[in-house]
Amino acid sequence: MFSVEMPVTVSGTGGSLYKVLRVEPTATILEIKMAYRSLAKIHNAYETLSYPMARAVYDMSLVSRRRTRTASFGCSGQSGFHPARKWETDQCW
């Protein structure tokens, strides 16, 4: 069963949920959903970068992604990082 609750006010935003999501009161459900998802991404970025351990893990993931895109090993013409391959034992003759 659907229940209707009293309007919610949010401190620091003038009391409007529309202001929190930065949408007009005439916004469609799709516009509200898109605004929510946009703010959720910002919140997630803040949560990740504000904690030193989470930030370190994120920074390491960026380094590994950069290596994967720029490194090229092997003779198959495929690019990518292959930590198990060694040049001395995996030469392409």
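Helices here are DSSP runs of H or I with at least four residues, strands are runs of E with at least two, and both are numbered from the N terminus. With that in hand, Lys33 sits in helix H2, which covers residues 29-50.

A word on the ground rules. This is a predicted model, where local features need pLDDT of at least 70 and side-chain atom pairs count only at pLDDT 80 or more, while totals for chains, interfaces and linings use all residues. Residues are numbered from 1 along each chain as its sequence is written, and side-chain values use heavy atoms, with hydrogens and water left out.

Now the whole chain. The protein chain has three helices and zero strands, so reading from the N terminus you get α-α-α. Buried means under 20% relative accessible area, exposed means over 50%, and partly exposed lies in between (1.4 Å probe, protein chains only). The protein chain exposes about 8,600 Å², and carbon and sulfur atoms supply 61% of that; the areas come from the Shrake-Rupley method with a 1.4 Å probe, and for residues only the protein chains shown count as cover. As for contacts (heavy atoms within 4.5 Å), take those in the protein chain between residues at least 6 apart in sequence: 0% of them join residues at least 24 apart.

Here are two pairs, with C-alpha to C-alpha distances.

| Pair | Apart in sequence | Apart in space |
|---|---|---|
| Lys33 and Leu21 | 12 residues | 9.2 Å |
| Ala45 and Arg55 | 10 residues | 9.6 Å |

Back to helix H2. Lys33 counts as partly exposed because its relative accessibility is 40%. Ala45 also has its place in helix H2, and at a relative accessible area of 38% Ala45 is partly exposed.

Then there's the stretch around helix H1. Ser16 lies in the segment before helix H1 (17-21). Is Ser16 buried or exposed? Ser16 is buried, since its relative accessible area is 18%. Its side chain reaches the backbone nitrogen of Tyr18 at 3.1 Å. That's a polar contact: a pair of N or O atoms within 3.5 Å where, within protein, one must be able to donate a hydrogen and the other to accept it, and residues adjacent in sequence count only if both atoms are side-chain atoms.

Arg22 belongs to the loop between H1 and H2. Arg22 is exposed, with a relative accessible area of 67%. Its phi is near 60°, a positive value in a residue other than glycine.
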